[in-house]
Amino acid sequence: MTFQHIQRKLYNLTHPIVGEIWMLHRVVEQRSDKPEQRELEVTPQWLEALIAERRRQGYRFVGLDDLGQSRRWICITLDDGYRDNYTLAYPLLKRLNVPFAVYVTTGFIDNRLPMWWYPGEQLGMSAEELKALDANPLCTIGAHTVSHPKLDTLSCKQQYHEIAESKQTLEALLGHEIKHFSFPHGTHNDDTLAICRQLGFNTVALSWGGSIRRGDSLIPIKRIKKSQN
């Protein structure tokens, strides 16, 4: 047994896996034929079956504000702010009593900016739908920038604008503090992390990284992309 193998075993013993955060995007009745869109989409039936399977395995579903309060937990998150998060995901998760979070790109609210990866389609939630989601304690709303850029390609000033304005817009619309953020495309740099800490976010989510271990950072925090084959 090598020294590195012993180190890994000791690390796994002292930093056990405690949970995982799922990264989803859209919940749709009919998935697209285009691979770049299809990979963002899951059906309600698939999601319900996955939740049931994990519950049978002893997992507990929690919200972003309850991470780390138990072992074997799962937190469901959905990125961007698609209208189907309200029309399809929300009724399903409410019926199953499963907490969830939606990271909203504020430019997509009321379709003010296009989701360019779905050309010609208006898929964003309305402000009223977002308010209705936020009114349910099962749902946590997080920020996801104004225009969904790759943050590590922007200047520090531009990054601050994207992150701070999205937070402030949501706070003005919903009437409470926004405590959570996720990186569009998963990209960031040291400036991004410093800005997120300055703005007081409790968690800042990646789009990759795997399961959460005891002692893992919350800024940034790892997620697992869940895809339907």
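Helices H6 and H7 cross in a right-handed way, meaning that the near helix is turned clockwise from the far one by less than a right angle. Before going on, note that this is a predicted model, where local features need pLDDT of at least 70, side-chain atom pairs count only at pLDDT 80 or more, and totals for chains, interfaces and linings use all residues. Residues are numbered from 1 along each chain as its sequence is written, and side-chain values use heavy atoms, leaving out hydrogens and water.

**Packed helices**

Two packed helices are described by the angle between their axes and the distance between the axes. Here the axes are lines fitted to C-alpha atoms over the stretch in contact, with angles from 0 to 180 degrees between N-to-C directions. The helices themselves are DSSP runs (H or I, at least four residues), and strands are runs of E of at least two, numbered from the N terminus.

| Helix pair | Angle | Axis distance |
|---|---|---|
| H6 (residues 156-174) and H7 (residues 190-198) | roughly 40 degrees | within 10 Å |
| H5 (residues 127-134) and H6 | about 75 degrees | 10 Å |

H6 is therefore oblique to H7, whereas H5 and H6 are roughly perpendicular. The cut-offs are under 35 degrees for roughly parallel, over 145 for roughly antiparallel, 65 to 115 for roughly perpendicular, and oblique for the rest.

Which residues of H5 meet H6? They are Ala-127, Leu-130, Lys-131 and Asp-134, and their partners in H6 are Leu-170, Leu-173 and Leu-174. Contact here means heavy atoms within 4.5 Å.

**The nonpolar cores**

A nonpolar core is a set of buried Ala, Val, Leu, Ile, Met, Phe, Trp, Tyr and Cys residues joined through side-chain atoms within 4.5 Å. Buried means under 20% relative accessible area, exposed over 50%, and partly exposed in between (1.4 Å probe, protein chains only). The largest core has 45 residues, and those with the most contacts inside it include Ile-51, Phe-100 and Phe-201. Helix H4 (residues 84-96) gives the largest share of this core, 5 residues. Another core, of 12 residues, lies apart from it and has Leu-67 and Ile-212 among its members.

Leaving aside neighbours within four places in sequence, Phe-201 touches residues including Ala-143, Ile-163, Phe-181 and Cys-196.

**A look at Ile-17**

Ile-17 sits in strand S1 (residues 17-24). Is Ile-17 buried, exposed or partly exposed? Ile-17 counts as partly exposed because its relative accessibility is 41%. Beyond its neighbours within four places in sequence, Ile-17 is in contact with Arg-71, Ser-211, Ile-212 and Arg-213.
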